[in-house]
Amino acid sequence: MLDFIARRIVAIIPVLAVVAVFVFLMLRLTPGDPAAVIAGDNATSDQIADIRTKLGLDEPLWTQFAIWIGNILQGNFGESYFFKKTVAELIAQRIEPTLALAICTLVFAVSVSVPIGVLAAYRQGSMLDRVVMGFSVVGFSVPGFVIGYCLIYIFAIELGWLPVQGYVRIGVDFWKFLERMILPSLTLSVGFIALISRITRASVLEVLNEDYIRTARAKGLSNRVVLMRHALRNAAVPILTVIGLGIAILIGGAVVTESVFGLPGLGRLTVEAVLSRDFPTIQTVILMFSVVYVVINLLIDISYTIFDPRIRY
Amino acid sequence: MLSFRKSALALVAAASVGAMVAAPASAQTLKVVMHSDVKILDPIWTTAYIQRNHGYMVWDTLFAMDEKFDVKPQMVEKYDVSADKLTWTFTLRDGLEWHDGKPVTAEDCVASIKRWSARDSMGQKMMGSVASLEVVDAKTFKMNMKEPYGLVLQSLGKPSSNVPFMMPKKTAETDPMQQIKLEDVIGSGPFVFKADEWKPGEKIVYVKNAKYKPRSEPANGLAGGKVVKVDRVEWLAMPDVQTQVGALQNGEIDMIESPGHDLLPLLAKDKNIKLLSFNPTGNQYTFRFNSTAKPFDNAKIRHAVFVAFAQEDFLKATIGDAQWYKVCKAPFVCGTPLETNAGMADVLNGNAAKAKQLLTEAGYDGTPIVLMHSTDLQVLTNLAPVAKAQMERAGFKVEMVSMDWQTLVARRVKKDPPNAGGWHAFLTSWVAADILNPVMAGFFNSACDKAMFGWPCDATIEKFRDQFAKETDPAKQKQIVEDLQKYWVDHPTHINVGQWYAPLARRANIDGNLTAPVPVFWNVTKK
């Protein structure tokens with residue numbers, strides 16, 4: 001097992017190297033000039049050229065890349081072109097809302113989707129099954145921002161139960177934090193619930209037709225025990241895989257959800273950085289998201305051994 | 001299932017009640033969503049409008065422009081100009097203090113003027129006529145001129161980017177090409193910047209400067225007494241316009257600087273919200289030529305575009321509601337002292353037949369016009385398709401290239417051939433306060449490579465601009481503008497395609513917003 005984990009961690013290095021090169025080149029090849037953005041609309045070409053020189057953007061591409069990689073290897077992620085702050089500081093300032101949103105969404109989505117997926121499988125063809133499947137189609141099809149606006153209209157503007165936007169840090173006021181997390185988490189959960197409930201239903205359905213389930217029933221075990229201990233546990237591997245893959249949906253969804261609900265998180269930082277061509281910030285945030293994605297999927301792989309003892313690394 | 005629903009509703013209700021109980025009294029905190037988040041803190045380093053607005057919170061100016069476009073003293077107590085108009089003497093008001101408690105001195109002001117003028121085109125023009133800046137004593141300094149210059153007060157009282165904000169000498173000695181440091185965001189203005197509460201992407205906070213001594217005159221435009229009537233102003237970063245409107249309707253914020261024209265009818269229906277057009281001169285849409293690229297290197301072909309265009313089509317396509325736009329041919333903006341229609345009778349009438357005839361006479365060879373089309377800024381998106389349609393009606397071949405605004409910003413500074421990464425034309429918008437005269441209006445600068453992107457090269461226009469700058473008699477200045485305008489119509493550097501207004505939206509309990517080209521927060525009250 002330790003050998004497997006060590007190999008997987010080592011394997012992260014080439015992945016990050018590819019991501020680093022790809023992101024760097026994509027940004028440099030994409031049209032747009034941070035110096036022109038910084039200088040503002042009334043600036044002359046000379047002023048823009050001066051700023052470009054100060055930022056080192058007039059250096060050859062390979063020199064810029066070498067400087068950036070050299071700094072990264074020394075733990076220096078650079079300074080934002082705009083904020084006069086290091087990218088590490090910016091990320092530290094923005095990570096809490098995104099982390100909170102991701103955890104709330106994950107907890108809510110998994111605790112809703114797995115039970116309804118199992119129930120839908122257990123009552124295949126019933127009204128409940130059709131409702132769950134219908135919901136999953138809608139959940140996949142409706143864009144997150146539409147769901148967000150609908151929830152804002154109903155729960156914030158019409159009913160006045162929850163605020164439209166904003167974020168309060170958990171350490172400042174827990175209740176305010178919670179009430180500001182409800183709508184964004186619900187919004188982001190919809191697609192995630194649709195995905196997991198569908199996969200859960202399919203996996204459990206497949207398992208329910210296995211001989212050992214029939215044997216368990218023949219032994220006189222209750223439906224709850226058959227479903228939870230035998231069916232769900234054996235169906236867990238594909239469900240966990242989808243949850244791991246769904247982290248990418250979560251990261252992508254956070255970008256939109258944070259914008260709709262005015263959450264000052266990493267998703268919004270990414271959008272702002274892309275729109276203003278803040279290269280050091282975009283590069284670091286994308287590298288960080290890549291690390292998160294790879295590490296979470298590593299943890300998911302390790303967790304397979306808990307649910308399926310036949311899997312050994 | 002029912003009990004689960006009840007529990008969930010009870011939980012949500014409990015959370016809401018808890019929040020209501022815990023809500024602090026915030027009667028004197030003004031929560032505002034501006035048009036953009038503040039990322040850069042130095043209003044001299046960039047010309048972006050959000051930094052200009054931030055500048056007005058923290059720093060003060062020597063002079064300021066009132067509602068009638070008259071320049072009035074602000075930090076200056078008195079000023080004097082010698083009979084030969086070669087020596088200007090400025091004396092500062094008593095009691096001016098930086099936020100760290102140190103007195104504002106003449107040395108600070110001289111250093112600030114130098115840094116500002118290194119970045120601002122109007123400042124550069126003025127400094128071309130300045131022989132020296134001389135500190136007389138702690139409160140007095142002199143500006144010695146090489147020659148009489150007619151725009152000294154207009155330059156020092158320039159209302160929009162770059163505004164000559166006064167900074168402490170140590171800050172003003174920062175290389176003009178570098179941003180000032182976070183700890184140097186110290187001004188003498190009516191608000192104090194709270195560095196410890198600044199969270200880029202979330203909010204920027206200003207508190208009332210209790211030691212600020214406002215002028216005794218009532219506030220008028222950007223001039224007069226800057227009396228702060230709230231304790232704290234928070235600018236919240238909220239990029240989504242729909243969310244901004246929801247937050248305003250819900251009372252979570254007090255004001256939106258620019259709510260977007262398509263949402264104005266929704267806001268107008270809400271009795272708790274008022275719309276206010278605080279900037280009576282508004283903004284001007286502009287079509288910019290690349291005068292170095294064929295066929296726009298030919299003045300007659302540029303003039304043909306002027307003849308082909310009709311302003312109202314542009315305004316209807318972008319703004320829609322006639323309440324928020326104005327057909328205005330005057331390039332120096334309707335409602336200002338230099339408003340004139342001299343020379344404009346035959347242009348901007350949508351005369352495609354005349355434009356076609358001009359193109360034939362000019363020998364237009366059918367070269368496709370590369371028209372850059374910005375797609376992500378709502379107030380600009382529909383302009384390029386209108387321009388394309390009107391130009392094609394006149395016989396131009398137009399290749400409209402769609403891109404986001406930042407790509408356009410990067411491409412417009414490129415002098416490459418239009419079919420190889422360059423461009424022929426694009427449309428943008430100016431705040432009217434930036435284009436009040438031919439020296440201030442950047443697109444009139446026709447100094448070839450030293451001009452703004454588009455690089456017009458026209459000695460006659462430059463001669464008019466110099467004459468205007470050096471003329472001290474306002475009547476003669478107006479005459480120069482009329483002469484310039486008549487010439488410019490035939491040799492256009494750009495085309496003004498209409499004036500438009502962006503009202504701010506505020507809760508009904510907010511009052512006191514001043515009529516000015518910049519949204520300022522002194523004089524604003526919250527009941």
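How are helix 5 of chain A and helix 12 of chain A oriented to each other? In this predicted model, the axes of helix 5 (residues 87-122) of chain A and helix 12 (residues 279-307) of chain A come within 10 Å and cross at roughly 55°, and the two helices are therefore oblique to each other. The crossing of helix 5 of chain A and helix 12 of chain A is right-handed. On the side of helix 5 of chain A, the contact involves Val87(A), Leu90(A) and Ile91(A), which meet Pro280(A), Thr281(A), Thr284(A), Val285(A) and Met288(A) in helix 12 of chain A. By class, the residues of this contact between helix 5 and helix 12 of chain A divide into six nonpolar and two polar, with no charged residue.

These two helices belong to a chain whose secondary structure comes to 12 helices and zero strands, so that the pattern read along the sequence of chain A is α-α-α-α-α-α-α-α-α-α-α-α. The C-alpha trace of chain A spans about 85 × 55 × 35 Å along its principal axes. Of the 313 residues in chain A, 40% are buried. When contacts in chain A between residues at least 6 apart in sequence are considered, 72% join residues at least 24 apart.

Helix 11 of chain A is mostly covered, with eight of its 10 residues buried. The buried residues in helix 11 of chain A are Leu266(A), Gly267(A), Arg268(A), Leu269(A), Thr270(A), Glu272(A), Ala273(A) and Val274(A), and the buried residues of this helix pack against helix 5, helix 10 and helix 12 of chain A. Just after helix 11 of chain A, a positive phi of about 55° is found at Arg277(A).

The contact between the two chains takes 49 residues from chain A and 46 residues from chain B. On the side of chain A that touches chain B, the elements that give two or more residues are helix 2 (34-39), helix 3 (45-55), helix 5, helix 7 (144-158), helix 8 (174-208), helix 10 (223-260) and helix 11 (266-275) of chain A. Helix 3 of chain A gives the most to this side, with six residues. The residues with which chain A touches chain B divide into 25 nonpolar, 12 polar and 12 charged.

One helix pair across the contact joins helix 7 of chain A and helix 7 (residues 241-249) of chain B, whose axes come within 11 Å and cross at roughly 5°. Because an angle under 35 degrees counts as roughly parallel, helix 7 of chain A and helix 7 of chain B are roughly parallel to each other. In this pair, Tyr149(A), Ile152(A), Ala156(A) and Ile157(A) in helix 7 of chain A meet Gln242(B), Gly246(B) and Gln249(B) in helix 7 of chain B. The contact of helix 7 of chain A with helix 7 of chain B comprises four nonpolar and three polar residues, and no charged residues.

Within chain B, the buried residues of helix 13 (residues 383-393) are Leu383(B), Ala384(B), Val386(B), Ala387(B), Gln390(B) and Met391(B). Seen down the axis of helix 13 of chain B, these buried residues fall within an arc of 160°, so they line one face of the helix. An α-helix has 3.6 residues a turn, so residues three or four places apart point the same way. Helix 13 of chain B is followed by Gly395(B), whose phi is positive, near 105°.

Two individual residues of chain B were also examined. His424(B) is found in the loop between helix 14 (405-411) and strand 19 (425-431) of chain B, and counts as buried because 26 C-beta neighbours lie inside 10 Å. Not counting residues up to four places away in sequence, His424(B) touches Asn290(B), Ala293(B), Phe296(B), Ile369(B), Val370(B), Leu371(B) and Pro418(B). His424(B) and Ala345(B) are 79 residues apart in sequence and 26 Å apart in space, C-alpha to C-alpha.

Lys203(B), in turn, is found in strand 11 (residues 203-208) of chain B. This residue is buried, with 20 other C-beta atoms within 10 Å, where 20 or more is the cut-off for a buried residue. With residues up to four places away in sequence not counted, Lys203(B) touches Glu234(B), Trp235(B), Leu236(B) and Ala237(B). Between Lys203(B) and Val71(B), the separation is 132 residues in sequence and 33 Å in space, C-alpha to C-alpha.

Note on methods: Residues are numbered from 1 along each chain as its sequence is written. Chains are lettered from A and ligands numbered from 1 in the order in which they are written. This is a predicted model: local features need pLDDT of at least 70, side-chain atom pairs count only at pLDDT 80 or more; totals for chains, interfaces and linings use all residues. Helices (H or I, at least four residues) and strands (E, at least two) are DSSP runs, numbered from the N terminus. A residue is buried if 20 or more other C-beta atoms lie within 10 Å of its own, exposed if 12 or fewer, and partly exposed in between; C-beta atoms are placed from the backbone. Two residues are in contact if their C-beta atoms, placed from the backbone, lie within 7 Å. The arc is that of the directions from the helix axis to the C-beta atoms. Axes are lines fitted to C-alpha atoms, for helices over the stretch in contact, and angles run from 0 to 180 degrees between N-to-C directions. Angles under 35 degrees count as roughly parallel, over 145 as roughly antiparallel, 65 to 115 as roughly perpendicular and the rest as oblique. A crossing is left-handed if the near helix is turned anticlockwise from the far one by less than a right angle, and right-handed if clockwise. Ala, Val, Leu, Ile, Met, Phe, Trp, Tyr, Cys and Pro count as nonpolar, Asp, Glu, Lys and Arg as charged, and the others, Gly among them, as polar.
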